[in-house]
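Biologist: Could you walk me through reading a helix and some ring pairs in a model? I'd like the general idea each time, then the case at hand.

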Amino acid sequence: MKKAAFSVFVDALILLAIGSILMLFPSQFLGLLRFQVGFDLVIARTLGLLVIVLSLYYMLIGRTNLRPLVIFTVVGRLIFFLGTVVFFIIGWSGPNIFLISALDLVGPIWTLWALRADKAISNRYQ
């Protein structure tokens, strides 16, 4: 497994864990993140299920090293980060979601670094 594919696979495992916790224990997870927890948790559970499905796509991308999709995961994760920045700036969310996405920003940065490292290794052997 190439370095970039491995970084996407690790991100998939993190997403799988987050999605599972959100689906199975939404009140506790949202409370830990200081979100107000309402009585209807179906949206949180559905989001958790969606994150699990996304993790399965990421696992496939990581295991098969589909380079165009590895690159596209970087784009998607950067869009997510920028979107949460915009949500915070315009007042749609509090700082907690922005801080979570700032931590998640480590993932696409790692994948970009790994893509460059994979390319340098590939160039050496050509």
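Biologist: What should the 22 residues of helix α1 span at 1.5 Å a residue?

Modeller: Helices are DSSP runs of H or I with at least four residues, numbered from the N terminus. The expected span is 1.5 Å times one less than the number of residues. For α1, residues 3–24, that gives 32 Å, and the end C-alpha atoms are 32 Å apart, so the two agree. This is a predicted model: local features need pLDDT of at least 70, side-chain atom pairs count only at pLDDT 80 or more, and totals for chains, interfaces and linings use all residues. Residues are numbered from 1 along each chain as its sequence is written, and side-chain values use heavy atoms, leaving out hydrogens and water.

Biologist: Which residues of α1 are buried?

Modeller: Buried means under 20% relative accessible area, exposed over 50%, and partly exposed in between, with a 1.4 Å probe and protein chains only. In α1 the buried residues include Val-8, Phe-9, Leu-15 and Leu-22.

Biologist: And how many aromatic pairs are there?

Modeller: Rings of Phe, Tyr and Trp (its six-membered ring) pair if their centres lie within 6.5 Å; planes under 30 degrees apart are stacked, over 60 edge-to-face, the rest tilted. That rule gives 2 aromatic pairs here. Phe-6 and Trp-110 have ring centres 6.0 Å apart and planes at 80 degrees, so they are edge-to-face. Because Phe-6 sits in α1 and Trp-110 in helix α6 (residues 106–124), this pair ties together parts 104 residues apart in sequence. Phe-6 is partly exposed at 40%, and so is Trp-110 at 30%.

Biologist: How are the rings of Phe-87 and Trp-92 arranged?

Modeller: Their centres are 5.3 Å apart with planes at 45 degrees, so that pair is tilted. Phe-87 is partly exposed at 37%, while Trp-92, at 65%, counts as exposed.

How values were computed: Helices (H or I, at least four residues) and strands (E, at least two) are DSSP runs, numbered from the N terminus.
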